[in-house]
Amino acid sequence: MAALLSIRGLRTWFHTRAGIARAVDDVNLHLQPGETLALAGESGSGKSVTAYSILRLIQPPGRIEAGEIMFNGTNLLTLDDRGIRNVRGNRVAMIFQEPLSAFNPVQKVGAQIVEAIRLHRRVSRRAAYARAVELLAQVGIPSPGARAHEFPHRLSGGMRQRAMIALALACEPDILIADEPTTALDVTTQAQILDLLKSLQARNGMGLLLITHDLGVVAETADRVAVMYAGRVVEEGPVDTLFSRPSHPYTAGLLAAVAIDDVPPGERLPEISGMAPSLLAMPQGCAFAARCPKASAAAGCFTESPVFSSLTLQRHVACFAANPAASPVTVFPRSAMRDDNVRVAA
Amino acid sequence: MYLALLKELLRNRAAAAGLALLLATLLAATLGRFWFPGDPWEMSGAPMLWPGDDAANPLGTDLMGRDMATGLVSGAGVSLMIGLVSTLIAAGAGITIGALGGFYRGWTDAFLMRVTELFQTVPQFVLAVVLVAIFKPSVATATFAIGIVSWPPTARLVRSEFLALRERGFVEAARALGMGDFRLIVTQILPNALPPVIVIAALNIATAIQTEAALSFLGLGDPNVMSWGTIIGNGREQVVDAWYICGLPGIAIVLVVLAFNLLGEGLNDALNPHLREKET
Amino acid sequence: MKETGTEAAARTPLLELIDVVKRFDTGAGTVHALNGVSFRIRRGETLGLVGESGCGKSTVARLAVGIYPPTSGSVRFDGVDIHDTTTHQHLDRAAKKARHARMQMVFQDPFSSLNPRARIGRILEEPLIVHRRGNKRDRQERVAWLLERVGLKPEAAARYPHEFSGGQRQRVGIARALALRPDIMVCDEAVSALDVSIRAQILNLLLDLRREYQVAYLFISHDLSIVRHMSDRVAVMYLGRIVELALRDDLWRQPCHPYTQALMSAIPSVRPGRKNGKWMRLEGDLPSPFAPPPGCRFQTRCPFAEARCRSEEPLLKRVEGEHWAACHHCA
């Protein structure tokens, strides 16, 4: 089956005064129709920048430097302004972490959905309004007609996120990008929203790209997961096999750190020592090497960058220890990167 | 929403007083014309009648025997009109320039801000005098001149609002919905940037009325229109003998300026989201 | 009353909240933040406080360290009501200061709680100066020891907060709390802002400190699994009340209150097979704290609510042993 969305060699860099921050560096991803792909990682891993790059929402000093993003046979990165605007919110929609700040505070919820519909569809204001109320009902908002007349700050956190989803679904997109959709919500509300996303997806078959730092959310929602670290995808594969047998030491460490319930209460938790390198001064070799329990000079962890390569048919990993095939045939010159500025574990 | 704003304003005592004063001025300017229908330039009694000396001229007459009440009523209309229209000009220019600079940043912003600074380096009033002097003094040129000299503060305010608002989540969300720049500026950012602009506009009207009076005082007003500044200008020689000629229009100016300032303060409180948040 | 003998002192709870009520008056009405909260923390014990946003857990933290007084009820530290001004008024300041030294707080956002213009060394020395501990040299030795203890390099003393990452700043926050060797540390969402790989480091640090210095914790978090890992006993809060309070293992073996059960089943796990069949989804949202519902506060979302729950508010009653619950359905 042809991928609905395929990202190849994406590079999004931020040209700051302190230097170039390689927020996204050579990322490859594929999303199938009806599939949920989770993009997981900690803060600064580049997961959100990747998502924003898809719709070309990167603002200066950020810039998409290279790569292609194929959607429906067109490269989103080469579309003109009008072309990409026609994709945004229409074919590929997005929901955000803070539903309150994602709504215009001075406009009523219903009016905002009407505006979203009429941006891409030639329908009367009246028909759009009827559709907006219908959408609000679809996402499980009680008395949707009355809620449409409310200003966003009058809704509760959970209701706002539902309304945000209604807004995103206004034009029945092929892909929904959800950027930390439940991070600002309480766990009981989070469960409701994840259930809702799953049921909506089952109904309309859209592809869901779920950006999250929460591996628990990934486990409960996604079919496949790509784990990002310092601007790169380090491991990717089906959630069940990847979570039960992680290949990359970072994924393994992350899972161990999250699965607190595996450790008897009160005992020391497994930790990943140190912290992520600064994107402005990436070390030579594998970005995780300084924190990696399996890193060895012999394998080239400190000198060469492991190539993202297939482990099995469905799983890919970028690690010399996990996959001998990760050794590069040609090494890109990475002259700008030196390891003397790296902030190492205190 | 506007009804709620009005309610909010009326609850604020200072703002309510401002509104009342304003309403009185407005009534004077409109209904007052029926009370004192005469030509303000026409002699209607003996010169320099003190207020109360003659029932026909309740507020007295000036040096030329022109009725003070008729002049004041005429001046109210002129002052309000010039204040409002020049403020509209200033707000229009300021919003456009500020919005473009704040939204696009970079070169556009740098250029527009240099232009703004250029206008700000010349003292407002001097610039207004020069502009009126270049064209023929008339209501239109005075209005235009006052508008042209008073847009920079609005532009700076709108720019800083835009700079902050363009980073907000809902602007990004609207962009993700496929909105173009024009729509983003007009439908998303501008409505959120307006409250402080409205406040500054109210204060701007007050300043504009003062500026107009000052221009007329210097004889740069429209020679065919009796404004408060004109009356003061005419009465300045008699300030010792007949202080009321300068005093009455002076009081009128003070009251109207005060009204707009009170209104501006009230609007500021009513539109300030932090203060309002507590109410809801 | 004079406390004599270490046994009596050991029996007195370190921190005790007795029927604490806290209301905040706002322009729009009165927020009922806490409505009759009682619990005790013994010396060296960790009490976990778990609940969702708006349940009042942060208010508990602030009351416990005396940032503001309760509307009614009392907060006792080492047997002394910390908000009682009727007795020992002349001693109040000194006593208050001494008490402050023994109870410290670790905040969620270490950045906003650290003075951006002060070097780390100065930040850590400050509490020692305020409480007149040692001379300059003693204090500097103490600062160096603190930095080492929380896993920071000695050079950190000369740097400013903004030069550190979130995890390191939290280490500084913990070091500052530790400076005066407190008896209790109130940790309000202390690891919520941190990435998972860093979170484990900070939790381990807190565990180590407990083992080495027998410090007690009031450990507040919205994350049930973290609370479970850190606590000896756990209190579950909902809308200004404690709905269940039990020894950690008892609570997980037999959660009694429907809200506790819902909370446990709502947490997404990285081991999906782990859940033992109990799957519960709550409907709706938290009611407004301006107007809490009549009867049981949970009745609007509870799948088991009956007529009684809507009229009569359940009190915290003993289920068995040290297990307490506020629910008509729990025996």
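Predicted model: local features only at pLDDT ≥ 70, side-chain atom pairs only at ≥ 80, totals over all residues.

The buried residues of H5(A) are A:Ala132, A:Val133, A:Leu135 and A:Leu136. These four lie on the same side of H5(A), because they cover an arc of only 160° around the axis. An α-helix has 3.6 residues a turn, so residues three or four places apart point the same way.

What do the buried residues of H5(A) pack against? Their partners are helix H4 (109–120), helix H6 (144–147) and helix H7 (157–168) of chain A.

The length of the helix can be checked too. H5 of chain A runs over residues 125–138, which is 14 residues. At 1.5 Å a residue it should span 20 Å, and its end C-alpha atoms are 20 Å apart, so the two agree. A:Gly140 follows H5(A), and its phi is positive, near 80°.

## A helix in chain C

Helix H4 of chain C covers residues 120–130. Its buried residues are C:Ile120, C:Ile123, C:Leu124, C:Glu125, C:Pro127 and C:Leu128. Their cover includes helix H5 (136–149) and helix H6 (166–178) of chain C. H4(C) is also followed by a residue with positive phi: C:Arg132, near 50°.

|---|---|---|
| H5(A) | A:Gly140 | positive, near 80° |
| H4(C) | C:Arg132 | positive, near 50° |

## Chain A as a whole

Chain A has eleven helices and twelve strands. Its radius of gyration is 21 Å, close to the 20 Å that the globule rule gives for 346 residues, so chain A is as compact as a globular protein of that length. The C-alpha trace spans about 70 × 50 × 40 Å along its principal axes. Of the 346 residues in chain A, 53% are buried. Take the contacts in chain A between residues at least 6 apart in sequence: 62% of them join residues at least 24 apart.

## Where chains A and C touch

How many residues does each chain give to the contact? Chain C gives 36 residues and chain A gives 39 residues. On the side of chain C, the elements that give two or more residues are H6, helix H7 (196–213), helix H8 (224–230) and helix H10 (258–266). H7(C) gives the most, with nine residues. By class, this side of chain C has 15 nonpolar, twelve polar and nine charged residues.

Notes. Residues numbered from 1 in each chain as written. Chains lettered and ligands numbered in written order. Expected span 1.5 Å × (residues − 1). Buried ≥ 20, exposed ≤ 12 C-beta atoms within 10 Å, placed from the backbone. Arc of directions from axis to C-beta. Contact = placed C-beta atoms within 7 Å. Rg over C-alpha atoms; globule rule 2.2 N^0.38 Å. Nonpolar A, V, L, I, M, F, W, Y, C, P; charged D, E, K, R; others polar.
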